[in-house]
Amino acid sequence: MGSAAIYQLAKRGAKVLVNDYGGGFDTITPGSPDVAQAVVDEIVAAGGEAVANSTSVGTGESARTIVEAAVKAFGRVDILLNNAGGSRPLHNIDEDSDEAIEGVIRSNLLGSIMMMRRVWPLMRAQNYGRIVNMSSNTVLGIQGMLAYVAGKGGIIGITGASAIEG
């Protein structure tokens, strides 16, 4: 879903930083820059402009690193597409590890919050910016995916709150 949106933005002339840590959908499996680079290679082959970044989202420092890379490459940030996310194989509430639950929340919710916090002052100074937060219909509930549901439900909340503030 995220790469489809990125391809469309690049096709329309947007310069994009493709961020993907390249790890497992479980948010725990270590990553590789190859995933982001493959998307960049396709964009560049189609005549677009893009750079790869494999920093994992979910902390303030990683968000700062990602935003600084975009500003270094392109001079500004006009659009933030928050589409990071991951989940785990189905586990009942008491069966998953704390580490796994925290990783899913960090990727799905905290990553979006931290990225928004880092681009917000830039967009305010530019008097322009767009933030698109991707969620999921799982917020209505799905068995075995408590952390994912919580993270994606939080996305809906932060989107509404930031729309009011912005």
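Hello everyone, and thanks for coming. Two notes on the ground rules. The model is predicted, so local features need pLDDT of at least 70 and side-chain atom pairs count only at pLDDT 80 or more, while totals for chains, interfaces and linings use all residues. Residues are numbered from 1 along each chain as its sequence is written, and side-chain values use heavy atoms, with hydrogens and water left out.

Between β3 and β4 the chain passes through helix α4, residues 98-126, in a right-handed β-α-β crossover. Right-handed means that, with the strands pointing away from the viewer, the path from the first strand over the helix to the second runs clockwise.

Now, which residue in β4 is the bridge partner of Asn82? That is Asn133, a residue of strand β4. With a relative accessible area of 15%, Asn133 is buried. For the cut-offs, buried means under 20% relative accessible area, exposed over 50%, and partly exposed in between, with a 1.4 Å probe and protein chains only.

The side chain of Asn133 makes a polar contact with that of Asn82 at 2.9 Å, and its side chain also makes one with the side chain of Thr159, at 2.9 Å. A polar contact is a pair of N or O atoms within 3.5 Å; within protein, one must be able to donate a hydrogen and the other to accept it, and residues adjacent in sequence count only if both atoms are side-chain atoms. Thr159 sits in helix α5 and is partly exposed, at 31% relative accessible area.

On to the empty spaces. Rolling a probe the size of a water molecule over the atoms shows where empty space is left. We use a 1 Å grid over the protein atoms alone: a cavity is a set of points where a 1.4 Å probe fits but cannot get out, a pocket is an open set with protein on both sides within 12 Å along at least five of seven lines, and lining residues have an atom within 4 Å of a point. Grid points are joined across faces, edges and corners, and a volume is the space filled by probe spheres set on the points.

The second largest pocket has a volume of about 320 Å³. Its lining has 14 residues, and Trp120, Gly129, Ile131, Ser162 and Gly166 lie nearest the centre. Helix α4, strand β4 and helix α5 (146-165) each give at least two residues to that lining. By class, the lining of this pocket has 6 nonpolar, 5 polar and 3 charged residues. Here Ala, Val, Leu, Ile, Met, Phe, Trp, Tyr, Cys and Pro count as nonpolar, Asp, Glu, Lys and Arg as charged, and the others, Gly among them, as polar.

How many cavities of 30 Å³ or more does the structure hold? There is 1. About 110 Å³ of space lies in the largest cavity. It is lined by 15 residues, and closest to its centre are Asp96, Gly144, Met145, Leu146 and Ala147. Helices α4 and α5 each contribute at least two lining residues, and the lining of this cavity divides into 9 nonpolar, 4 polar and 2 charged.

Let me finish with a few single residues. Leu90 is in the loop between β3 and α4 and is exposed, at 60% relative accessible area. Leu90 and Leu146 are 56 residues apart in sequence, and their C-alpha atoms are 9.1 Å apart in space.

Most residues other than glycine have a negative phi. Asn127 is not a glycine, yet has a positive phi of about 60°. At 72% relative accessibility, Asn127 counts as exposed.

Thank you, and I'm happy to take questions.

Terms used. Pairing = 2+ DSSP bridges. Helix = DSSP H or I, 4+ residues; strand = E, 2+ residues; numbered from the N terminus.
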